[in-house]
Amino acid sequence: MKKITSIPDGHTLVETEDGSETLFSQRFGEACHSTTGAKSETLLHYIEGCKIKESSSKFSPLNILEVGFGLGVGFLTTLESLPADKKWHFISLEIDKNLLQWFKDTHPEFNLSWNGNLLECKTEHFELIIIHGDARKELPLFLSKNNILFHAIYQDAFSPKRNPALWTKEWFTLLKDFSHPDVLLSTYSASTSIRKSLHESGWGVQKGEKFGPKRTSTRAVLNHATDPEILLHLDRSPTPALTDLQIDSINQKIES
Ligand SMILES: C[S@@+](CC[C@H](N)C(=O)[O-])C[C@H]1O[C@@H](n2cnc3c(N)ncnc32)[C@H](O)[C@@H]1O
């Protein structure tokens, strides 16, 4: 992955402990990756968490959805990890147009071009489509026109505190409705509220690997029930699942 030489508007550069770089978003008040390592976090949570190499032998094309394109580490690490002969589609979602224009300008090798609100490129082996706009509105619109079932989901929005709209029951229900029965969803977050959102929308919630200072993370599937230990914890915890209704009322309070 090449070093960052120009910085997109609204961001600052952060060097992480494994030597890879990430960006801090002023809009969301958070960095796109753990300071322990942008690259190693992506490898652990997404490439290994979604068993990308194994899945690329099972499904052709392998359909990957990424929630939050950011600076493209998820896409670039996937490209480096998959054997060149595999066929895969990488659909990503991004609300910040500065990031997309910056990625296009700094990666001329992909010949990315705009097609309406889609930034895309197609090669013999992979297709990258980044949907610009609010994922909650744009993903259902895109899926109503394209017949896709996802085999792997990188759930990589900012944290549930900073970016709650992409961790709700309604969001995870939408992802479930457009997923293959053997899908693997993986995320760095292990918060009780997001695990409840996943469980209550029909996902089987499993424990993921630890990374940096975080003791655990989350994997979710549709072909297996929630881990009994996690279920016991969710049942006992008063923390509610996140819902669109709660988020709308938080937004209304901020606006008034
Ligand atoms: C943690 S970063 C993603 C990092 C990225 N996966 C990478 O590897 O570089 C989260 C991204 O989600 C985007 N985002 C936040 N809310 C969004 C929304 N409602 N719709 C689409 N993208 C959103 C942010 O702009 C940000 O770039």
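User: Let's start with the ligand. How many residues surround the ligand, and which are the closest?
Analyst: The ligand is surrounded by 24 residues. Glu-66, Gly-68, Glu-94, Ala-135 and Asp-156 are the closest. Keep in mind that the model is predicted.

User: What does Glu-66 do with its side chain at the ligand?
Analyst: A polar atom of the Glu-66 side chain sits 2.9 Å from a ligand nitrogen atom.

User: And which backbone atoms come up to the ligand?
Analyst: A polar backbone atom of Gly-68 is 2.7 Å from a nitrogen atom of the ligand. Phe-69 has a polar backbone atom 3.3 Å from a ligand oxygen atom.

User: How much of the ligand does the protein bury?
Analyst: The protein buries 97% of the 610 Å² that the ligand exposes when taken alone.

User: Which helix and which strand supply at least two residues of the shell?
Analyst: Helix H3, residues 73-81, does. Strand E5, residues 88-94, does too.

User: What is the shell like by class?
Analyst: It has 12 nonpolar residues, 7 polar ones and 5 charged ones.

User: New topic, the core. Which residues touch the most other members of the largest nonpolar core?
Analyst: Phe-75 and Trp-171 do, in a core of 65 residues. Strand E8, residues 126-132, gives the largest share of this core, with 5 residues. As a general point, nonpolar side chains in soluble globular proteins tend to be buried together.

User: Now the backbone. Where is the cis peptide bond?
Analyst: It joins Ser-60 and Pro-61, with omega about 0 degrees. Pro-61 is in the loop between helix H2 (52-58) and strand E4 (62-67).

User: What about Asn-111, and where is it?
Analyst: Asn-111 also has a positive phi, near 50 degrees, and is a residue other than glycine. It sits in the loop between helix H4 (97-106) and strand E6 (113-115).

User: Is Asn-111 buried or exposed?
Analyst: Asn-111 counts as exposed, because its relative accessibility is 66% and the cut-off is over 50%.

User: Back to helix H4. What is Thr-106 in contact with, beyond its neighbours within four places in sequence?
Analyst: Thr-106, which lies in helix H4, is in contact with Lys-2 and Ser-6. Ser-6 is 100 residues from Thr-106 along the chain, yet their C-alpha atoms are separated by 8.1 Å.

User: Last one, Ser-193. Where is it, and is it buried or exposed?
Analyst: Ser-193 is in helix H7, residues 192-200. Ser-193 counts as buried, because its relative accessibility is 14% and buried means under 20%.

User: Which side chain makes a polar contact with Ser-193?
Analyst: The side chain of Ser-191 does, at 3.2 Å from side chain to side chain. Setting aside residues up to four places away in sequence, Ser-193 touches Thr-239, Pro-240, Ala-241 and Leu-242.

Conventions. Residues numbered from 1 in each chain as written. Predicted model: local features only at pLDDT ≥ 70, side-chain atom pairs only at ≥ 80, totals over all residues. Heavy atoms only, no water. Near = heavy atom within 4 Å. Polar contact = N/O pair within 3.5 Å; in protein donor to acceptor, adjacent residues only side chain to side chain. Areas by Shrake-Rupley, 256 points an atom, 1.4 Å probe, with all protein chains shown as cover. Helix = DSSP H or I, 4+ residues; strand = E, 2+ residues; numbered from the N terminus. Nonpolar A, V, L, I, M, F, W, Y, C, P; charged D, E, K, R; others polar. Core = buried A, V, L, I, M, F, W, Y, C linked by side-chain atoms within 4.5 Å. Buried < 20%, exposed > 50% of the residue type's maximum accessible area, 1.4 Å probe, protein only. Contact = heavy atoms within 4.5 Å.
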